[in-house]
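Q: I would like to learn how to read a few features of a structure. Please give the general idea each time and then the case at hand.

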Amino acid sequence: MDDAVSEPTPPTSPDSGASLVLPSRTAAGRARLRALAAAASVAAAPTAIVAYRSEGVLLIIGPEPYARSLLDALPASLQCTLLATQGFSDQRAVDEGADDRLTVAYGELVGLSGYMGQFTATVQVSGGERNLSRVLLDREHFDLVLDLQRDPAIQRELMPPGYYAPGADAEALHRALEEIPTMVGEFEKPRYFRYDPDICAHGARGVTGCTRCLDACPAEAITSAGESISVDPYLCHGAGVCATACPTGAIGYACPDRAVTLERMRQLLLTYRAECEARPVLLFHDALHGAARLRRLLDDAPEHVVPVEIEEAGSVGMDGWLAALAYGAGAVAVLVGDELPPSAARELRTQMAWTEAILTGLGYPSGAVGIVAATDDGSAQALSELRPVVEIAAGSFAALDDKRRVIALAVDHLAAAATAQPAEIALTAGAPFGDVLVDREACTLCMACVAVCPAAALADGGDRPRLSFIEANCVQCALCERACPENAIARRPRLLTDAEVRRRSRVLNEEEPFCCISCGKPFATRSMMEKMEEKLRGHRMFQGEALNRLRMCEDCRVKDLFASEGPG
């Protein structure tokens, strides 16, 4: 590269590292600037908007003297109600009266739910449970809540917008008192997710399968809706870990979507590798805390470390990391700080372990993916040690919004260039790839497993009693295992490295059909008939010759029943 060429304009996209001043003392540094500019040129479609409205109606929960002592820190424009948590009794009225600054209520809080503009507080008084805002203010909801209790009424890793629970943290209380007065008016945020129930593996026919997004969501914004899930966009903070955890891609991050994120990486890496022979290390970081940390760290970090700003550290997972390596990154790391909710951090580390297992199983050196802990004394050292370890030709597959397809394309590219060629790679429980094992002695080919499979991994044989399986489609959701009435199914997490074998249909179990003894039509399997006869042999309706009705198809069984009852 000609060092005399003028330097490119630094990137200006809000998620491209624009706020970072990056040194360019070496060819790698200059390639980094051009690569980030190329990534910033990939535009994202606007997302839907979620709107809140607050009129400044504030509920304070806590001891009365303490709450009154804080009033001077709040503007008179706020309409404040105190639910006193000490000194109440069932004999006292809910409304104890008001002064110029504060309405005081007494009663036991039994429920608090909602978000900014829509908080419902339910109290227990002598007359039963009552909606506090309806009783006191003739309105359905409070707009904001300042919870001064030692044990907050709402306990989540990410609290609902408009809810403040500082506990014993004086600094958190100070921040709450400063922020609450600004939370009056109309507010908007992106709708961070999109959801496709058609490929969701949460449930089917009354059976619950995958709960990974529910378990990972730090805001508890996701709930079960029977066979699908429900996501409350008002509680969602956009942590993105639900999309990272989802094995099918049914729930995806929309800020931006997967295809845009992958295309930005692809353009970044194409540009970088056209400018510089060295392989870059991509360092994913969140837009708020990570960017602030990197301003202090990147001046001394190796210039082959390329910061990639994403909305949240948990919003890119296995699909993004593997695709980055397949597109030409030498390694991938994620900068993670204490602000990342514990549930999101756990899921990130789980995903990282599966990714590492796949890469080392293919013979790639350890360290191709990793987490950099954001600490005051350790981050700089960790960044200085980031080195490219993957040296392969860059893949050219398209940036898709299909999570499973992206992972398959990336794995196939990495496997083709790998030094090791194992037939399969063992993975730990919970991994979204694997085999289904069927106990042929126990299986009756009832096809209950096929009926609940969300990914078309299991299929019946049409007119033949046959159960087939395509491993590439299996997400290991456990629906088939839990739906099987004979407990004949087990799962084995693994990844087959041969794409053709992975996509090939294979027979798990089959039998000769059992044919109706009257008309000869096939209608069941022999094993199913044996089990039915065993269970119904003592039933009063199937005694003597009537037992033969079990061996008839539905039509012939009805005919035989009417014939046995005679005319009339």
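Q: Which residues of H7 are buried?
A: An α-helix has 3.6 residues a turn, so residues three or four places apart point the same way. In H7, the buried residues are Arg258, Ala259, Val260, Thr261, Leu262, Glu263, Arg264, Met265, Leu268, Leu269, Thr271 and Tyr272. Buried means under 20% relative accessible area, exposed over 50%, and partly exposed in between, with a 1.4 Å probe and protein chains only. Helices (H or I, at least four residues) and strands (E, at least two) are DSSP runs numbered from the N terminus. This is a predicted model, where local features need pLDDT of at least 70 and side-chain atom pairs count only at pLDDT 80 or more, while totals for chains, interfaces and linings use all residues. Residues are numbered from 1 along each chain as its sequence is written, and side-chain values use heavy atoms, with hydrogens and water left out.

Q: What span should helix H7 have?
A: The expected span is 1.5 Å times one less than the number of residues. For the 18 residues of H7 (258-275) that gives 26 Å, and the end C-alpha atoms are 26 Å apart, which agrees. At the start of H7, the backbone nitrogen of alanine 259 has a side-chain oxygen of aspartate 257 within 3.2 Å.

Q: How much space lies in the largest pocket, and what lines it?
A: Rolling a probe the size of a water molecule over the atoms shows where empty space is left. A pocket, on a 1 Å grid over the protein atoms alone, is an open set of points where a 1.4 Å probe fits, with protein on both sides within 12 Å along at least five of seven lines; lining residues have an atom within 4 Å of a point. The largest pocket holds about 1,100 Å³. Its lining has 35 residues, and Leu158, Met159, His237, Leu288 and His289 are the closest to its centre. E11 contributes the most to this lining, with three residues. By class, the lining of the largest pocket has 20 nonpolar, five polar and 10 charged residues. Ala, Val, Leu, Ile, Met, Phe, Trp, Tyr, Cys and Pro count as nonpolar, Asp, Glu, Lys and Arg as charged, and the others, Gly among them, as polar.

Q: Which element gives the largest share of the lining of the second largest pocket?
A: The second largest pocket has a volume of about 460 Å³. Of its 25 lining residues, Asp402, Arg404, Arg405, Ala472 and Asn473 are the closest to the centre. H12 provides the largest share of this lining, six residues.

Q: How many aromatic pairs are there in the whole structure?
A: A pair of aromatic rings is described by the distance of the centres and the angle of the planes. Rings of Phe, Tyr and Trp (its six-membered ring) pair if their centres lie within 6.5 Å; planes under 30 degrees apart count as stacked, over 60 as edge-to-face and the rest as tilted. A search of the whole structure gives six pairs. Tyrosine 52 and tyrosine 234 have ring centres 5.5 Å apart and planes at 85°, so this pair is edge-to-face. The two are 182 residues apart, with tyrosine 52 in strand E1 and tyrosine 234 in the loop between E16 and H6. Tyrosine 52 is buried at 6% relative accessibility, whereas tyrosine 234 is partly exposed at 27%. Tyrosine 192 and tyrosine 253 have centres 6.3 Å apart and planes at 15°, so they are stacked.

Note on methods:
A polar contact is a pair of N or O atoms within 3.5 Å; within protein, one must be able to donate a hydrogen and the other to accept it, and residues adjacent in sequence count only if both atoms are side-chain atoms. Grid points are joined across faces, edges and corners, and a volume is the space filled by probe spheres set on the points.
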